[in-house]
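Try each task before you read the solution.

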Amino acid sequence: MNKKDTGSIREFTEAVARRNPGESEFQQAVEEFAHDVIPYVNTHPEYQDHNLSERLTEPDRVVMFRVTWEDDEGKIRVNRGYRVQHSNAIGPYKGGLRFHPSVSLSVLKFLAFEQTFKNSLTGLPMGGGKGGSDFNPKGKSEREIMRFCQSFMTELYRHIGPHTDVPAGDIGVGGREISYLFGQYKRLVNQFTGVLTGKGLSFGGSAIRVEATGYGTIYFMQDVLRHHGQSIENKTCLVSGSGNVALYATEKLIQHGAKPVTLSDSSGFIHDPDGFDLDKLAWLKDLKEVRKGRISEYAKEYGVEFFAQQRPWSIPCDLAFPCATQNEVNAEQARTLIANGCIGVSEGSNMGSDAGAIAVYRDAKTLYGPAKAANAGGVAVSGLEMTQNSIRMSWTREELNNHLGDIMRGIHERCVEYGTESASYVDYLKGANIAGFKKVADALIAYGAA
Ligand code: NDP
């Protein structure tokens, strides 16, 4: 990188840090983006003089609100709710809701920022947003979760709408929560519209939405491997997490002849050296989706090892799929992965790798699929749910799976177009950043000073 680029990146990221003090996750996401986009803008005069970087790092709007709800003992409890509407330059705001005690303005601003460029990469007309609450669903009863969701929506409903902002699920928000939220929205506005995605199949949901993020992450890695003359078959794979994304990434790996050997939750990871098969996965889905149990129970059931309070990256593998949460792979863990033979990483989780890990992948020329490309399958099928709601029709599982495969292939092609460094190396992060940026930037330029 030349001196001018380094200087302008530093100047820009320092200004963002001054404007957003203490928001470390947001600053991290902006830095990662600036690293690729500022040098691109410096060599493309058509993107200069529009103040695009500053416009794109200031959310259109942030809504913060009190959520009051009653627990089973009749006590009044208070949480904080948020919706960050980052950019509607290319479509209505779109992005998930996260319910987790770690939720903060910084986390949601980073997620909404990333979402804007991810949604752009899908090729569908969706802007970027993200929201949620510091509410912890763990240990709460069904009724408490329902009352929380209803109270959350009682404020959120004024800020969203099928042409304004269409939220979906994320950590702690699955089909059950989306149903409570949708039921309350419908009651408040007296309209049945596609205002949320991830709905149940009998009331406007889309086939394959539950599976889409996990499946898409694997499809992306298959495209990457194919581009480099390899295949996913027989590859030993590490997966972290055991939620929505992790379970369906594991399912797709099994279906395509790979060997996933780990899963985790916030208490530790399990290692099954024989690999999971579809029977074991059915047991795991029941554990996590129905019984809401802990991953350590698998170790007892199948006689494998459980590593308490650890992440799975020390196990030798060919491919790694972080599918739990942000910053779950650091530089040291990235070095361990590569030293143990890992050739590719595809992120199901948002910002799964921290800045140090990304630098290690870049140095080693690891095939690295960043979240905004690799996990875009979920929001892509959400976009297709919006389309089905608008035309009041449902497509079949097969049709949607074909669309998902095509969309992931399109994302891969866009990354290759802007990220190819040499005959044997594609910098997918650079490709995703530039391709995602261009579409949003073109719209902003067309709008003038809007
Ligand atoms: P879930 O809530 O279904 O699962 C999250 C999983 O990650 C759980 O196993 C959870 O363990 C684990 N986890 C959460 N926080 C931590 C932590 N701090 N340390 C270790 N493990 C942790 O969420 P999803 O599967 O939906 O989301 C996972 C990731 O994928 C997130 O980064 C999300 O933003 C991203 N994503 C999700 C999409 C979707 O469609 N759902 C779309 C695109 C991205 P425990 O149960 O113990 O908390």
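Predicted model: local features only at pLDDT ≥ 70, side-chain atom pairs only at ≥ 80, totals over all residues.

**Exercise 1.** Work out why the ligand lies between two domains.

*Solution.* Start with the domain assignment, automatic or from a database: domain 1 (3-55), domain 2 (61-192) and domain 3 (210-369). Residues are numbered from 1 along each chain as its sequence is written, and side-chain values use heavy atoms, with hydrogens and water left out.

**Exercise 2.** Describe the shell and its polar contacts with the ligand.

*Solution.* Count residues with a heavy atom within 4 Å of the ligand: there are 25, with Asp170, Thr213, Ser266, Arg294 and Asn350 coming nearest. Now look for polar contacts (N or O pairs within 3.5 Å). Polar side-chain atoms of Thr213 and Arg98 lie 2.7 Å and 2.9 Å from a ligand oxygen atom, respectively. Gly348 uses a polar backbone atom, 3.3 Å from a ligand oxygen atom. Finish with cover: of the 890 Å² of accessible area (Shrake-Rupley, 1.4 Å probe) that the ligand has on its own, the protein covers 84%.

**Exercise 3.** Find how domain 1 meets domain 3.

*Solution.* First, contacts (heavy atoms within 4.5 Å): 6 residues of domain 1 touch 7 of domain 3. Then area: about 470 Å² is buried between them, meaning accessible area (1.4 Å probe) lost on being put together, summed over both parts. Glu25, Gln28 and Glu32 supply 74% of what domain 1 buries there.

How values were computed:
Polar contact = N/O pair within 3.5 Å; in protein donor to acceptor, adjacent residues only side chain to side chain. Buried area = accessible area lost by both parts, 1.4 Å probe.
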